[in-house]
Amino acid sequence: MTTLTWERVAVATGPGEGAEEAVRQAYREAGLAEPERVLVLPSPLAGAVAAAWLTGDEQVRASLEQAIVKQNGTAVPAHGGGDPGRSVREAVRTGPWERARAAAYAELGPGGWAERWAETGGRLWPQVERLVGDLRRAIADWGAGRAVGSGRDSAVAAGRGRITDLGADQDGERLRRVTLDAVLGQHDAPWLSAFDDADGLGGLMRVAERAGWWWPYERLAIVTERPVELHLDDLGRPHRADGPAVSYADGFALHAWHGMPVPPGFGATMTGLTPERIRAEPNAELRRAMLEHFGIERYLAESGAEPVQSDETGVLWRIELPDDEALVMVEVVNSTPEPDGTSRTYFLRVPPWVRRAREGVAWTFGLAEADYRPERET
Amino acid sequence: MYRQGDILIVPVPEESVPGGLRPAPRDARGRLVLAHGEATGHCHAIPGPGTLSRGFLHLPEGGRLVHEEHAAISLPKGWYRVVRQREYVPGSYRVVAD
């Protein structure tokens, strides 16, 4: 097996060999007896459902069953019954981390530790945190009986008077809370990268190199596999136009457009965008993604927008958008002509309260309109 | 005040400049770089004497603001604040770089 950098561990895909043995090592290093059983499941959703089921009471199981019925078509794991025992997350993960952090802090001092963190976990964490947050939200959406990525749509719809299903939201919240009990496996890479040379973390590190989220209990460990596919854009955000950006072997998937969770099929609509389609999109966030993709200048040209005001600084455009603040742009002509003698124009979006081009240009420099008086411009 | 593309240079009284600022280093060509372009590698720069620290520019002998795509601007001696142009993003804003 090739050794992956922590950056690669965080985004690795496919089943990892030897996850069970690595989990057993983590228990031993924590001074615990090995779990009697290790259950391997295909996704963090399957893991969360199993963990909620095994640790929940009759009521929890009944509502989980309902959620499973509602989401027919989504594969849900068969898992043996039996008492898994108490969670040993504190002993397996939190304790060893805290000891490693204290040792590093004692050795490096406050400044040295801050520096170590800045060049290891601090660099990796923002990207991984986004992914972890998106997965948690998707698991909660599943529990609430919503299609993954549609939570924001429902929120918009609710704002218009639709009654939300409070019971379903509670089920979603219950599953989301279960995800907080997970050890994050490959998504612990940012933290583990800061303790790369620490003693007593070998098992945790080996699990992270081989598996996704996992739930350690006294007698049972629930381990889940990494995604089968993960697509990122050049900024490291989940993104894919022609399918889910993240997908697991059991069909659990995240659709995302440059990091923004979107409903399935959203990417496909981006190829045939028209100003009418953009205007008709009721969800403001999705509409912004559409506008950005389509190009605001092109939107202005093709939607038949009329300029509202112009002066020597430029031209002000305004387009009303349903359920969202207006799109207000100043069109500015570059003062220095291009080599071919033409002047390049460009558009800058300004706040919706701007009424005059000069006011807009002044805002782009943080000034009040009256204070913007350049005596020379090039 | 003077504008070169996405940069605004605003004269300020010396008393308004915070004390104890550390001067920014010059680039490999010995220039004070006021702002880098995002994609082009072009930049707004002052080739002559002066100091730049935390957005405040001091030109004790005056100077010349140059950029690959814009005409140069002569600046009288004095203190200036350097303002980057920004763009509105709902809920926030982002800096413009040409």
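Author: A definition comes first: a residue is buried under 20% relative accessible area, exposed over 50%, and partly exposed in between. Please keep in mind that this is a predicted model.

Reader: Is Asp242(A) buried or exposed?
Author: The relative accessibility of Asp242(A) is 63%.

Reader: Which residue does Asp242(A) meet in a salt bridge?
Author: A salt bridge joins a side-chain nitrogen of Lys or Arg to a carboxyl oxygen of Asp or Glu within 4 Å. For Asp242(A), the N to O distance in its salt bridge is 3.1 Å. The partner is Arg240(A).

Reader: How many residues apart are Glu229(A) and Arg240(A)?
Author: The side chains of Glu229(A) and Arg240(A) meet in a salt bridge of 3.9 Å, N to O. This pair links distant parts of the chain, since Glu229(A) lies in strand E4 of chain A and Arg240(A) in the loop between E4 and strand E5. Glu229(A) is partly exposed, at 33% relative accessible area.

Reader: In which helix do Arg176(A) and Glu173(A) both lie?
Author: The side chains of these two residues, Arg176(A) and Glu173(A), form a salt bridge of 3.0 Å, N to O. Arg176(A) is partly exposed, with a relative accessible area of 29%, and Glu173(A) is partly exposed with a value of 29%. They stand three residues apart, about one turn of the helix, and that helix is H8 of chain A.

Reader: How many salt bridges does the structure hold over all chains?
Author: The pair Arg176(A) and Glu173(A) is one example of a salt bridge. Over all chains, the number is 24.

Reader: Why are H5(A) and H6(A) oblique to each other?
Author: Two packed helices are described by the angle between their axes and the distance between the axes. The axes of H5 and H6 of chain A come within 4 Å and cross at roughly 45°. Angles under 35 degrees count as roughly parallel, and 65 to 115 as roughly perpendicular. The crossing of roughly 45° therefore makes H5(A) and H6(A) oblique.

Reader: Which residues of H6(A) make the contact with H5(A)?
Author: By class, this contact has two nonpolar, two polar and two charged residues. H5(A) contributes Trp117(A), Ala118(A) and Glu119(A). From H6(A) come Gly121(A), Gly122(A) and Arg123(A).

Note on methods:
Residues are numbered from 1 along each chain as its sequence is written. Chains are lettered from A and ligands numbered from 1 in the order in which they are written. This is a predicted model: local features need pLDDT of at least 70, side-chain atom pairs count only at pLDDT 80 or more; totals for chains, interfaces and linings use all residues. Side-chain values use heavy atoms; hydrogens and water are left out. Helices (H or I, at least four residues) and strands (E, at least two) are DSSP runs, numbered from the N terminus. Buried means under 20% relative accessible area, exposed over 50%, partly exposed in between (1.4 Å probe, protein chains only). Axes are lines fitted to C-alpha atoms, for helices over the stretch in contact, and angles run from 0 to 180 degrees between N-to-C directions. Angles under 35 degrees count as roughly parallel, over 145 as roughly antiparallel, 65 to 115 as roughly perpendicular and the rest as oblique. Contact means heavy atoms within 4.5 Å. Ala, Val, Leu, Ile, Met, Phe, Trp, Tyr, Cys and Pro count as nonpolar, Asp, Glu, Lys and Arg as charged, and the others, Gly among them, as polar.
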